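Dear colleague,

Please find the structure below, together with its sequence.

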Amino acid sequence: MTDTPTERLAVTPATAVDSTGEAQSATVDEGGWLDLLQPAHLATTLMLSMGVALFAFNGFFVSTVLPSAIAEIGGGHLIAWSVSLYLIGSIVAGVTAAQLKQRFGARRVLIVATLLFIAGTVVAAMATSMEQVLVGRVGQGLGEGVVAAICYALIPALFPARLVPKVFGVEALVWTCASFGGPFAAGWMAESFSWRMAFLINVPFGLIFIVLAAFTATRREKGLEASGLPLSPLVLLSLGMLMVLYSGIVGQALMSAALVFAGLALLGFSVIRDRLSPSSLMPHSAFGLNSTVGTGLWLVLLMPVAQATSSVYFVFGLQRGFGFGPMVAGGLGAVMAMSWSLVAVLIAHIGAGSARRRAIEAGPVLQCAGMILVALGFHQGSLALLIAGQIVVGAAFGASWAFLSQMLMEASAAGERDKTSGLIPTLQSAGFAIGAAFAGLAGNSLGLAEASTNETTNIAFAVTFLIPVLWTVPAVLLARRSTRLAEGVLPPSA
């Protein structure tokens, strides 16, 4: 039986109760990296890593080979929809994952979702038109959204609390490998074989994941009542994300801005409607300001919103403003992921609750500083400042993300822990999508596409990277409030 936050408070300082219900000595056994490779955790670690790898590598594969696909089957005017429809499917599926897990059990849902992902992969790989690729991308998004959310939900259920930060460290390493190796591997497959191979390589990995999930994922817990999916919040969420993502395709700035704000309004209505639903998709305290979960989920959303500008414009800025080729620019763009992984690994051993809370608070502060450094780097034409900024931004996520995720999981009521855990990767994707829309709106308004000289281009990029700093200000305040509210929830050491 899973312990509640109140029960955690009753544990003496010498021991803590992990998410499996096993008493752990806080002073004797803090857990090491090799514990993840012990027989009790090895298969689970591999399963979760494979789930993250499917999500991470597929994104880089598709973005790399789509130009080759368009050269063969046409449909270049639809290329933006390959990302938009995938994201909508992933986000909508992700918010339903907790309900599906409760109704059918994690094992069955993971297997079905992966089969859906594989089916979408095959449809896209065999496509003779871009419309067919889009159908496949929807299938991939729906499958991967559920897989990512349930993998997050399984972390506190399958690992003791002392190992949770190390699990997130492993996931960060997987993302780094994907950011470096994904584009190169996809490019090699497209040149040596076909762009279709870059899609089909997902099939054997998906089948391996199904085998691992069949042996490690949990079945449906007896005694849990399955509730129906609330349709109106899902419809509002889908329409809102559609408007936000479509704003990046519209050429007119006013229309784009109108779509962004209309989409955000629908997303807000979706949250309100979900709170009123007897079978909610999200925790009832989601996005409130009086609980650790509510304020923490705001942080999960706002940090990716601010980071999205780098995802959209950093590599482009290196090519346009500094004259680098795609390979060098892409390599420099991956510095952020390297920093994230390195910092996540270095601090995963921290056990004291106070130190973890300080790491969470440091995240948005470091992100703010890193974004300012990147903006200064573009303004002054300094590559050193750009790289330093990327390193600091990566450190922001590496320092805070694992502990923030664990804090939200532990602060959730036992009956809502799956919803909170599964919402973390879903909100992360939504944050990047919303942030990309704002970044595109800012970039188009500043004329990044039309800037002709290096000086004009660098100034436009500098302003574009200063705007998301505004998102880090409320994130700093929310991080501090969230950790203060959590002081009575997180045990003194994990």
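With a relative accessibility of 14%, Phe287 counts as buried; here buried means under 20% relative accessible area, exposed over 50%, and partly exposed in between (1.4 Å probe, protein chains only). The model is a predicted one, in which local features need pLDDT of at least 70 and side-chain atom pairs count only at pLDDT 80 or more, while totals for chains, interfaces and linings use all residues. Residues are numbered from 1 along each chain as its sequence is written, and side-chain values use heavy atoms, with hydrogens and water left out.

Phe287 belongs to the loop between helix H10 (253-276) and helix H11 (292-322). Helices (H or I, at least four residues) and strands (E, at least two) are DSSP runs, numbered from the N terminus. Although Phe287 is not a glycine, its phi is positive, at about 65°. Most residues other than glycine have a negative phi.

**Salt bridges**

The whole structure contains 4 salt bridges, each defined as a side-chain nitrogen of Lys or Arg within 4 Å of a carboxyl oxygen of Asp or Glu. One of them joins the side chains of Arg162 and Asp35 (3.1 Å, N to O). Because Arg162 lies in the loop between H5 and H6, and Asp35 in the loop between strand E2 (23-25) and helix H2 (42-73), this pair ties together parts that are 127 residues apart in sequence. Arg162 is buried, at 11% relative accessible area.

Another salt bridge is formed by the side chains of Glu72 and Arg196 (2.9 Å, N to O). This pair also links distant parts of the chain, with Glu72 in helix H2 and Arg196 in helix H7 (residues 195-200), 124 residues apart. Glu72 is partly exposed, at 48% relative accessibility, whereas Arg196 is buried, at 18%.

Arg484 forms a salt bridge with Glu361, and their closest N and O atoms are 2.6 Å apart. Arg484 is in helix H18 and Glu361 in helix H14 (residues 353-380), so the pair ties together parts that are 123 residues apart in sequence. Arg484 is partly exposed, with a relative accessible area of 36%, and Glu361 is buried, with 16%.

**Aromatic residues**

A search of the whole structure gives 20 aromatic pairs. Rings of Phe, Tyr and Trp (its six-membered ring) pair if their centres lie within 6.5 Å; planes under 30 degrees apart count as stacked, over 60 as edge-to-face and the rest as tilted. The ring centres of Phe397 and Trp401 are 5.5 Å apart and their planes stand at 50°, so this pair is tilted. Both residues lie in helix H15 (residues 383-411), 4 residues apart, about one turn of the helix, and both are buried. One aromatic cluster is formed by Tyr313, Phe314, Phe316, Phe322, Phe324, Phe378, Phe461 and Phe465.

**A buried polar contact**

Gln140, in helix H5 (residues 130-158), is buried, with a relative accessible area of 0%. The side chains of Gln140 and Thr121 are joined by a polar contact of 2.9 Å (a pair of N or O atoms within 3.5 Å; within protein, one must be able to donate a hydrogen and the other to accept it, and residues adjacent in sequence count only if both atoms are side-chain atoms).
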